[in-house]
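This report describes selected features of one model, chain by chain. The sequence and structure come first.

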Amino acid sequence: MNKKAIAIKCAKAAFIGLVLLLLYAPILLLAVYSFLDTDVIGTSGDFSFVHYRALFTDSKVLTMIGNTFGLAFASAALSTVLGTLGALGIFYSKKRVKASMNAVSRIPIINAEIVTALALAITFVAFGLPKSYFTLLIGHMVICTPFVVLSVMPKLKQMDNSLYEAALDLGASPAKALFKVVLPQIIPGVISGFMLAITLSLDDYIVTFYTRPSGFETISTYVFSATTRGNAHTAATLSSFWALTTIIFVVILIVVISANLAGRRKDKTEVRR
Amino acid sequence: MAEHIIELQDVTKYYDDNLVIDHVNLYVNKGEFITFLGPSGCGKTTTLRMIAGFDLPTSGKILLSGKDISTLPPNRRPVNTVFQRYALFPHLNVFENVAFGLKCKRVMNTYRNDEGKEYTKKERLSKKEIAEKVERALELVDLEGFEKRSISTLSGGQQQRVAIARAIVNEPEILLLDEPLGALDLKMRKEMQIELKEMHKRLGITFIYVTHDQEEALTMSDTIVVMADGIVQQIGTPTDIYNEPANTFVADFIGESNIFNGTVVGERKVRFCGKIFDCVDDFERNEPVDVVVRPEDVIMCAPEKGALKGTVISVVFKGIHYEITVQVGKYEVVVQSTEYRKEGDVIGLNIGPDEIHLMKPKYTKNVFDGVITKHNTVEFADGEFECDVTQLYPGSHIDEEEYLVTAAGEKLDLTGTEVRVEVGLTDVTISDDENAGGTVGNIISIIYKGDHYRLIVRTEGEDEEDFVFATDDLWNENDRVSVIIPKEKIRLSLKHAEDKKK
Amino acid sequence: MRLRFSRKTLGIPYAIFLLFFVIIPMLVIIFYAFTDKEMHISFDNFVRFFSDPTKLSTIVYSLVIALITTAVCLLIAYPVAYILARSKMKKKFVILLLFVTPMWINFVLRVNAIRELLNWVGLLGEANYFNTIFGMVYDFLPFMILPLYTTLLKIDESLYEASADLGGNGFTTFTRITLPLSMPGIASGITMVFLPSMTNYVVSDMLGNSKVTIIGKFIYEYFGTNWHMGSMVALILLIVVFLSTWLTGGFKEENTVRGANI
């Protein structure tokens, strides 16, 4: 390779590295300070778990963390069932029904979240539904389910259609054929749909804010009001978020790395075959 | 002698660690239609891509009209390519696709200024010039009136023509065609073959064509370069290649062949299938040879008049001729003839001296470099085999502690000793049980030799060694097998005399 | 009587769900947008909104913020996506993953992290517009990288080769092949960044010291005071979304990414 090619390669790597560095700078900054016994970033401090202790002893904080994950699992589970059935229904429908259901299903995906949230909030009130855990759950399902449909659909398209027919031909009932033959084929899509639903629900602020019952806090709403209103929250609470961010970041890194390793192992076995 | 427009000098190419082109030397005459022919993965497309400039050779030189262009980027080579899947720009219409190269082009125009002095200017082609050239190119490929059509509305054959027009409109010195007809159906392919050949005549430029279809190569080319495993096997005219194949690979790959093991028994006399035949090639006496006879050169006659006598075991109608397989003793001979014979008929066969092609066998035995392990086994070819190490020292034996004791009573630890391993062509067997043998590999070549198959198994792993051997069983190419060699058939010899002292 | 099982019937629950929680809410928005407080049909909301000069200037500011955010995202994301898509590296997927990973940290926590960073360098409360745009670029960058990467990856290597073969240099190849062929990715990236940068007021509230108002914030403000006006703003956003999606063909193809393909 000549010198020019090497220089270009280095420049490319440097650019990618720089953007990545910027992307990770805020998180790494918090990660470092989460282990120091100071409440102000930029000041020096000693190594300590004080922020982690604060995080795990504040009952309010623990409740909202529990709320966030409980809501995420509940809405993701419901969305996955609803979305998988929906995808199957859409896939096997006639062209017209298929097109219109697909189009409607895309609305929450492309729409601004604030519009979805407002529309739901007004509708609930207009139909006399007081805000409750139920409305919150519905709100999260509206933003999650279309994504489940979206990740199951490609698997259905990839699937050999004659598999289902072969099962019927061999004497399986339609329901049995669906469970024993079709479902195993689309299960990767279902799982990735579920994972996606969880992350969407965990991430959400706006829909939660408009559909939650009063007093119900998630990480998003709690942190948002703590930073913007500053009501009754001290700097100590804010710095316990550093610890929270760091924990979440580390967990995500572990998940990403292990998923990647698992994927690579799968590749290898496939090559060997 | 014609001018060499392209010359490859000792060109070698590695992709990562894989050797794809192995010291290739060849030249292309100006104006000829030359075809690189070989099975997939033989390196023909890589060779083409290096001429086009998409890949650079790892070592060696590529000369264009005597000038080294090895590292010149593709946009500065007077060469254009018709790609395998056309690579037409999907966002441009037919006209824009064909005009692409012309719009990139800058030509030197000479003007005279006011004082009468000449000066040159680098200029783009004018719109009018481009339109005219595109029109002419589209005419040449019979696509007049298609200018405004979008690529996606064209059939495969039409896309093919656009791809050709897009390349030739630039008036390249050489047109490279990378399996351009591969995506077309049979009938279309035959038509395009004729059209391409005519186009070659009309344009008068050099065509370098890549294909794995031997019939296509024979039909179209002035010269054929047969490649396999990154190595040029034979270069010659279609007639030469067909009638005088350089080795059994070429004979097997091009056309149908009967290939037998033979022995030279006298001056221009060879024995195969249990009989002695006159031939025209001269080889040393008693030398083992490969004998190649084309099925259409075997003449059927009455049983008593034939040099060989056999029973018809299968007859297949092939449209123009019958393919008749005759069992002669333990050998099978394939005959192509317009005459019909019934299964079970006893017939005679004759072969004229001109039709018997002898070639030096490429493989007479397998030789590997090996290392003795501490358990007195030998490691070679990505595997480990049991062997008899006492053959390294005549009269020696192994004691109970696994040391070798020489005839003189000297105790030797052979661990790490480098040895030469020899295995005969008939001493190898294979099994589809991966654990049955000493090493595992894939079958990369199968050639039928009348009464047995000659297989080549390439080992999986770093060594990538080839085992060549004969077998009676039918296997499939790419089968994954393990290689079994009986302990007593592994012949060892010391590689370095100084190892003795250790 | 037993109902005959059909695979189509599996979609019924989802169809009902969509009807009640997607279609009807949209209709409710439309209804509220065109009525007044006495529930009479009225176009007052529309007129009132656009005749308020402070509102109009906010809209202009919001649009400018969104435009700058989108442009900066595109300028950073395009080279990143291009380099990764054309890299021959075997592990390039891992690097792409690195660009997406921060997206999986809770959105508000992520914005909070930027807030802390800005506070540290002394910009918080000092450069509200810069901070807002910085935060938006930071948060929406992956939405731009992913669709660009996917379209660039789809461009067959042989097209670049064909261009070079026909005499095109690097610049010609980029402007005449790469850029036009990556247009769908650019379009979907733009819609996926532009829209949230007009509406996601979490970023502007947390980083702009509550001094930066964007269009989405109107809806929040009206939610407490006047649903009819709020619905009207929502309806306008809805129309913008539909038009841009329709123009970029987003209804047909499944090119919405949002990390869905990762």
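How many bridges join S1(B) to S2(B)? The two strands are joined by 8 bridges and run antiparallel. Strands here are DSSP runs of E with at least two residues, helices are runs of H or I with at least four, and both are numbered from the N terminus. Two strands count as paired if DSSP finds at least two bridges between them.

The model is predicted: local features need pLDDT of at least 70, side-chain atom pairs count only at pLDDT 80 or more, and totals for chains, interfaces and linings use all residues. Residues are numbered from 1 along each chain as its sequence is written, while chains are lettered from A and ligands numbered from 1 in the order in which they are written.

**Chain B**

Chain B contains 8 helices and 35 strands. Its C-alpha atoms fill a box of roughly 105 × 65 × 45 Å along the principal axes. Among contacts in chain B with a separation of 6 or more, 64% link residues 24 or more positions apart; a contact requires C-beta atoms, placed from the backbone, within 7 Å.

One open sheet of chain B has 4 strands in the order S2-S1-S4-S5, with antiparallel pairing. Strand S2 (18-29) and S5 of chain B each have a single partner strand and stand at the edges, so one side of each lacks a neighbour in the sheet. Glu7(B) has Tyr27(B) in S2(B) as its bridge partner, and Thr12(B) stands opposite Ser59(B) in S4(B). Leu63(B) is placed opposite Asp68(B) in S5(B). S4(B) and S5(B) form a hairpin with 2 residues between them, and Ser65(B) in the turn has a positive phi of about 45 degrees.

A second open sheet in chain B has 5 strands, ordered S17-S21-S18-S19-S20 and paired antiparallel. At its edges are strand S17 (298-301) and strand S20 (331-337) of chain B, each with a single partner strand, so one side of each has no neighbour in the sheet. Neighbouring strands of this sheet are turned by 45 degrees against each other on average, direction ignored, with axes fitted as lines to C-alpha atoms and angles running from 0 to 180 degrees between N-to-C directions. Cys301(B) stands opposite Gly348(B) in S21(B).

| Strand pair | Bridges |
|---|---|
| S1(B) and S4(B) | 5 bridges |
| S4(B) and S5(B) | 2 bridges |
| S17(B) and S21(B) | 4 bridges |

**Chains A and C**

The contact takes 67 residues from chain C and 69 residues from chain A. On the side of chain C that touches chain A, the largest share, 15 residues, comes from H1(C). The residues of that side divide into 48 nonpolar, 13 polar and 6 charged, where Ala, Val, Leu, Ile, Met, Phe, Trp, Tyr, Cys and Pro count as nonpolar, Asp, Glu, Lys and Arg as charged, and the others, Gly among them, as polar.

Helix H12 (residues 227-247) of chain C has 21 residues and reaches 30 Å from its first C-alpha to its last, close to the expected 30 Å, which is 1.5 Å times one less than the number of residues. Its buried residues include Trp227(C), Leu238(C) and Thr245(C). The buried residues of H12(C) pack against helices of two chains, including helix H4 (95-110) of chain A and helix H1 (12-33) of chain C.

Notes
Buried ≥ 20, exposed ≤ 12 C-beta atoms within 10 Å, placed from the backbone.
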